[in-house]
Amino acid sequence: MPSTGLPSASGMDKLEHFIAYLILSFLISLTVRERLKELEITAAFLFATGLGVLLEILQGIGGARECSSWDAVADPLGAAAGCMVFYIWRHKRAGENHKKV
């Protein structure tokens, strides 16, 4: 790809992808938790991962940006981390609710 004068992507870009998909999967889990019950974590992971891979493919097709396999790795890792955070938060919150009763 020709140089555009923009700074090159570094490891910081991958960290940004990781954090963005961590937040995305946590929020998806939080949003769908009442409707999907125990499937919210799986649904959030699959949706966030699918979105990340799709966006990378579309970037490669569009030509304006490059498709990055490392971004496609960082996205599901972030999604998995967000799902783990949600899982821990949900179980910690459930334990606190049982103590109050």
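Helices α1 and α3 each supply at least two residues of the lining of the second largest pocket. This is a predicted model, in which local features need pLDDT of at least 70 and side-chain atom pairs count only at pLDDT 80 or more, while totals for chains, interfaces and linings use all residues. Residues are numbered from 1 along each chain as its sequence is written, and side-chain values use heavy atoms, with hydrogens and water left out.

Helices here are DSSP runs (H or I, at least four residues), numbered from the N terminus. A pocket is an open set of points on a 1 Å grid over the protein atoms alone, where a 1.4 Å probe fits, with protein on both sides within 12 Å along at least five of seven lines; lining residues have an atom within 4 Å of a point. The lining of the second largest pocket includes R33, E40, W89 and R93. Its largest share, five residues, comes from α3.

Rings of Phe, Tyr and Trp (its six-membered ring) pair if their centres lie within 6.5 Å; planes under 30 degrees apart count as stacked, over 60 as edge-to-face and the rest as tilted. The whole structure holds three aromatic pairs, and two of them are shown here.

| Pair | Centre distance | Plane angle | Type |
|---|---|---|---|
| F26 and W89 | 5.9 Å | 70 degrees | edge-to-face |
| F86 and W89 | 5.7 Å | 40 degrees | tilted |

By contrast, F86 and W89 are three residues apart in α3, so about one helical turn separates them.

F86 is buried at 0%, F26 counts as buried at 18%, and W89 is partly exposed at 31%.

F26 and F86 also belong to the largest nonpolar core, together with I28, I41, A44 and C83. Such a core is a set of buried Ala, Val, Leu, Ile, Met, Phe, Trp, Tyr and Cys residues joined through side-chain atoms within 4.5 Å. Two or more of its residues come from each of α1, α2 (40–62) and α3.

How values were computed. Buried < 20%, exposed > 50% of the residue type's maximum accessible area, 1.4 Å probe, protein only.
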